[in-house]
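Work through the exercises below with the sequence and the model open. Try each task before reading its solution.

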Amino acid sequence: MRGSHPHSVVGEEASPGATEMRYAFESRAPHYTQHVEWTRECTMMGSDLSMMTRRCLLTYKPFRIFVVGIGFFSLCFLMTSLGGQFSAKRPSDFPFTTRAEVLGGQESRTLRKISNMLEVIMKRMDALSRLSNTSETHKLDELASVLDRIQPIGLVERIQGIAQNMSDMAGRVEQILQRSTGSKRVRQGPFGQCDIPKDPHYPDCPGKMDWMRARWNSDPCYAFYGVDGSDCSFLIYLSEVEWFCPPLTWRNQTATPTLKTPPRRQASFRFDTGALLAQLGTGKESLIFMKRRIRRLAAQWASAARRLEDKLRSHWRDEKQILVHVGFLTEESGDVFSPKVLKGGPLGEMVQWADILTTFYVLGHNLKISVSVKELHGFLGVPPGKGSCPLNGPLPFDLIYTDYHGLQQMKQHLGLSLKKHKCHIRVIDTFGTEPAYNHEEYATMNGYRTNWGYWNLNSQQYMTMFPHTPDNSFMGFVAEELNDTARINIQKNKVNNMAVVYGKEASMWKVQQGKDTFLSILHRHMEIHGTVYYDAQRPPEVPAFVKNHGLLRQHELQHLLRQAKLFIGFGFPYEGPAPLEAIANGCVFLQPRFSPPHSSLNHDFFRGKPTSREVSSQHPYAEQYIGRPHVITVDFNNSEEFDAAVRDIMKLNVEPFLPYEYTCEGMLERIHAYIQNQDFCSPEAPFPPVNSSKVWQGSPLAPFMLLPNSSILTWASNITSYTSWPPLSALQLLASLQGESCVKACQDVGLICEPALYRFINIKEAFNALDFQCAGLESEMNHLFPAFSAEHAECRLQQDPLLFSCAGASIKYQRLCPCRDFRDGQVALCSDCL
């Protein structure tokens with residue numbers, strides 16, 4: 001009312017009487033009580049409200065605004081009263097008051113102000129209704145002389161209609177309240193037991209309840225699980241769907257069906273991949289490539305399956321439910337590979353994924369394949385919404401194989417379920433992830449945080465293309481094997497002066513430091529062939545003396561490699577499948593040595609990858625595990641050394657060679673062992689066990705003993721064996737030199753570092769057995785521990801098992817290293833691991 005303009009008269013010019021009346025109002029404007037009293041006097045002229053009274057109400061804008069204001073504040077008062085009724089029942093059961101409670105009370109304060117104002121107005125109106133001082137009647141006479149001229153029609157009727165509507169509304173809301181109260185009793189359970197439980201075992205429950213009150217509408221998945229805005233629905237959700245609140249005693253727990261563990265079924269080898277090809281689908285060039293590869297190697301997979309079946313005939317093999325989600329092929333990740341399949345793009349990942357799918361299928365497991373987020377949702381049973389809620393029911397798979405793209409997608413859409421079920425996940429990781437980068441807190445605090453890694457998985461849940469990082473599991477792929485007839489033909493048809501260059505993309509041929517020089521030297525001795533993709537014209541990066549065949553299909557490339565004597569690499573791509581395929585077809589692989597080694601510290605390609613590994617050549621696996629005469633590594637910047645290497649290669653008589661672990665049988669054997677033995681979901685028993693010192697009494701080396709004629713310690717055969725895989729019988733304990741990693745320490749004695757055995761040497765007895773004199777013994781989070789500091793004579797144990805790492809070295813420490821032997825041609829498995 002104070003904001004209304006006092007000088008405007010609706011539908012009339014100002015009259016002398018009106019001027020007097022304006023003066024009267026203006027003189028009383030600061031006095032709200034008198035302002036209201038004048039209005040009340042006008043309206044109290046009679047119960048039937050005379051025409052003069054009606055004019056009084058509408059003539060002046062202040063009176064009209066007052067009437068509207070009364071109607072508005074009455075409605076607000078009704079809402080406030082109703083809100084109070086809701087609040088009196090349960091504040092959080094009414095969305096309006098819930099929001100006010102949770103968001104700091106701003107709305108509540110506003111409602112309280114309105115309520116207080118209305119209370120003052122009502123008191124003053126009551127006072128006016130008792131007005132009996134006749135000396136004030138002259139004011140009404142003054143008003144009457146002015147208001148007679150105005151004929152506002154229907155004002156009273158309108159006011160009465162509004163009042164009636166509000167009365168009807170109040171009645172209807174009351175009915176809603178009664179029904180709501182009745183249904184709320186049902187939702188709240190017996191005796192309204194929906195107060196937040198105070199249970200020390202569930203300290204996060206109150207905070208989660210507050211969060212649900214404020215945000216339960218932020219994701220439709222909550223409504224999918226029955227959340228309706230009431231405290232009871234929050235508690236039921238947080239205790240039965242999530243795990244932040246204790247079970248509610250009044251809930252009928254038996255109403256939830258108990259899911260029985262399905263009976264174990266034995267896996268049976270499959271020898272026909274036709275059903276797998278149908279399951280893989282079509283539509284993407286990448287899928288077409290993978291299907292073509294599976295079809296081409298089908299006979300080799302079948303033969304390998306029969307051989308492994310004979311080898312494992314006495315072994316029970318559990319049939320597993322396996323989901324394979326190829327994240328990098330999804331549209332959500334961009335699927336940058338599919339468009340490049342026919343243009344010389346990288347195929348190593350697709351080669352590996354095709355072989356992974358075939359391995360699972362041939363081993364006889366129940367396989368589901370996903371190449372889209374929509375398919376992932378369907379297979380996992382993800383509730384509708386934005387991924388804030390966990391899965392509806394238990395995880396329907398024993399194992400989930402994906403890549404880093406897929407892992408990120410699962411995090412986005414699985415919500416809390418990813419944390420709960422991540423022990424089932426295996427990540428196909430080409431270059432490996434070391435524990436220092438995988439442990440989120442440690443990586444963040446110590447400068448190991450990258451765009452990859454930091455998932456807090458067991459390091460062996462990452463599976464690599466080559467066995468270069470023993471912290472991770474070696475997945476691998478397969479190369480085509482040759483039968484005896486093909487081997488004989490290769491020996492007959494080899495062209496001693498023919499070389500094929502490793503590089504399908506023109507960018508790999510760009511003249512870099514020394515590249516033009518060694519190509520010229522090679523050209524003097526050999527005919528050089530290339531397989532560089534081009535569309536309309538020859539790529540200018542390829543020298544004129546190179547015979548370029550363009551991009552070849554796999555069988556055409558195989559034919560070319562069976563003729564060539566030399567397969568030469570330019571230094572990139574790193575660790576691809578092509579060199580193994582060339583060696584399997586009787587080629588010598590000539591590659592550059594890197595000095596200094598390439599790593600994330602000095603090379604852009606490795607920068608940001610979750611590993612500190614130093615790469616000494618283009619293909620370290622070929623250099624270390626195959627070597628001469630099949631693999632020759634030289635300094636390409638040394639013209640004399642390069643020239644001599646080419647001359648030697650032309651004289652060599654090299655037969656086709658393929659490591660067993662890259663055959664179909666080798667991959668089936670390795671993945672079978674992983675699936676049946678690796679378990680990251682079952683909690684490990686604490687080690688060392690209680691009273692272990694009493695059990696291990698009798699020898700200063702206990703629980704270890706020296707191997708005959710060796711300084712290496714092994715687990716004592718007379719000591720109780722503990723469940724593990726690889727078994728404790730494979731453990732061989734030694735100490736590294738200062739500044740040496742456990743990878744190298746084990747390698748130097750012909751062994752492999754085994755991170756799964758670290759927990760058995762992370763004890764003070766291991767230091768005693770190695771004759772380290774510990775002035776102090778402490779536990780700490782450090783990826784180099786357990787280790788001995790000679791400078792301070794201190795022994796350090798590992799505090800966090802996720803940081804057990806074969807990688808890493810420091811000149812301050814001698815590391816304790818758990819090594820093991822390995823099967824011939826199968827470095828991933830110890831002699832007793834199958």
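A residue is called buried when its relative accessible area is under 20%, exposed when that area is over 50%, and partly exposed in between. The model used here is a predicted one.

**Exercise 1. Overview of the chain**

Task: Find how many helices and strands the protein chain has, and what share of its residues is buried.

Solution. 
Step 1. The protein chain contains 30 helices and 21 strands.
Step 2. Of its 834 residues, 50% are buried.
Step 3. Take the contacts between residues at least 6 apart in sequence: 72% of them join residues at least 24 apart.

**Exercise 2. Salt bridges**

Task: Examine the salt bridges of Arg313, Lys311 and Arg796, and classify the residues by accessibility.

Solution. 
Step 1. Recall the general idea: side chains of opposite charge can pair when their charged atoms come close.
Step 2. The cut-off between a side-chain nitrogen of Lys or Arg and a carboxyl oxygen of Asp or Glu is 4 Å. A search of the whole structure gives 26 salt bridges.
Step 3. Arg313 pairs with Asp310, at 2.7 Å from N to O. Arg313 has a relative accessible area of 59%, so Arg313 is exposed.
Step 4. Lys311 pairs with Glu669, and their closest N and O atoms are 2.9 Å apart. This pair links distant parts of the chain, since Lys311 belongs to helix α14 (residues 298-311) and Glu669 to helix α27 (residues 664-677), 358 residues apart.
Step 5. At 36%, Lys311 is partly exposed, whereas Glu669, at 1%, is buried.
Step 6. Arg796 and Glu794 form a salt bridge of 2.6 Å, N to O. Arg796 is buried, with a relative accessible area of 13%; Glu794 is partly exposed, with 25%.
Step 7. Salt bridges with shared partners join Arg307, Lys311, Glu665, Glu669 and Arg823 into one network.

**Exercise 3. Two helix pairs**

Task: Describe how α9 packs with α11 and how α15 packs with α27.

Solution. 
Step 1. Helix α9 (residues 205-215) and helix α11 (residues 231-241) have axes 10 Å apart, at an angle of about 125 degrees. Therefore α9 is oblique to α11.
Step 2. The crossing of α9 and α11 is right-handed.
Step 3. On the α9 side the contact is made by Cys205, Lys208, Met209, Met212 and Arg213; on the α11 side it is made by Asp231, Phe234, Leu235, Tyr237 and Leu238. Sorted by class, this contact of α9 with α11 has seven nonpolar, no polar and three charged residues.
Step 4. For helix α15 (residues 348-362) and α27, the axes come within 10 Å and cross at roughly 70 degrees. Angles of 65 to 115 degrees count as roughly perpendicular, so α15 is roughly perpendicular to α27.
Step 5. The crossing of α15 and α27 is right-handed.
Step 6. Asp355, Ile356, Thr359, Phe360 and Val362 of α15 meet Met667, Leu668, Ile671 and Ile675 of α27. In the contact of α15 with α27 there are seven nonpolar residues, one polar and one charged.

**Exercise 4. The surroundings of Leu323**

Task: Is Leu323 buried or exposed, and which residues is Leu323 in contact with?

Solution. 
Step 1. Leu323 is in strand β1 (residues 321-325).
Step 2. The relative accessible area of Leu323 is 0%, so Leu323 is buried.
Step 3. Setting aside neighbours within four places in sequence, the residues in contact with Leu323 include Lys368, Ser370, Phe379, Phe397 and Tyr401.
Step 4. Leu323 and Leu357 are 34 residues apart in sequence, and their C-alpha atoms are 10.0 Å apart in space.

**Exercise 5. Backbone exceptions**

Solution. 
Step 1. Most residues other than glycine have a negative phi, and most peptide bonds are trans.
Step 2. Pro629 lies in the loop between α25 (620-626) and β13 (631-634).
Step 3. Pro786 is in the loop between β18 (776-780) and β19 (787-789).
Step 4. With a relative accessible area of 85%, Asn709 is exposed.

Notes. Residues are numbered from 1 along each chain as its sequence is written. This is a predicted model: local features need pLDDT of at least 70, side-chain atom pairs count only at pLDDT 80 or more; totals for chains, interfaces and linings use all residues. Side-chain values use heavy atoms; hydrogens and water are left out. Axes are lines fitted to C-alpha atoms, for helices over the stretch in contact, and angles run from 0 to 180 degrees between N-to-C directions. Helices (H or I, at least four residues) and strands (E, at least two) are DSSP runs, numbered from the N terminus. Angles under 35 degrees count as roughly parallel, over 145 as roughly antiparallel, 65 to 115 as roughly perpendicular and the rest as oblique. A crossing is left-handed if the near helix is turned anticlockwise from the far one by less than a right angle, and right-handed if clockwise. Contact means heavy atoms within 4.5 Å. Ala, Val, Leu, Ile, Met, Phe, Trp, Tyr, Cys and Pro count as nonpolar, Asp, Glu, Lys and Arg as charged, and the others, Gly among them, as polar. Buried means under 20% relative accessible area, exposed over 50%, partly exposed in between (1.4 Å probe, protein chains only).
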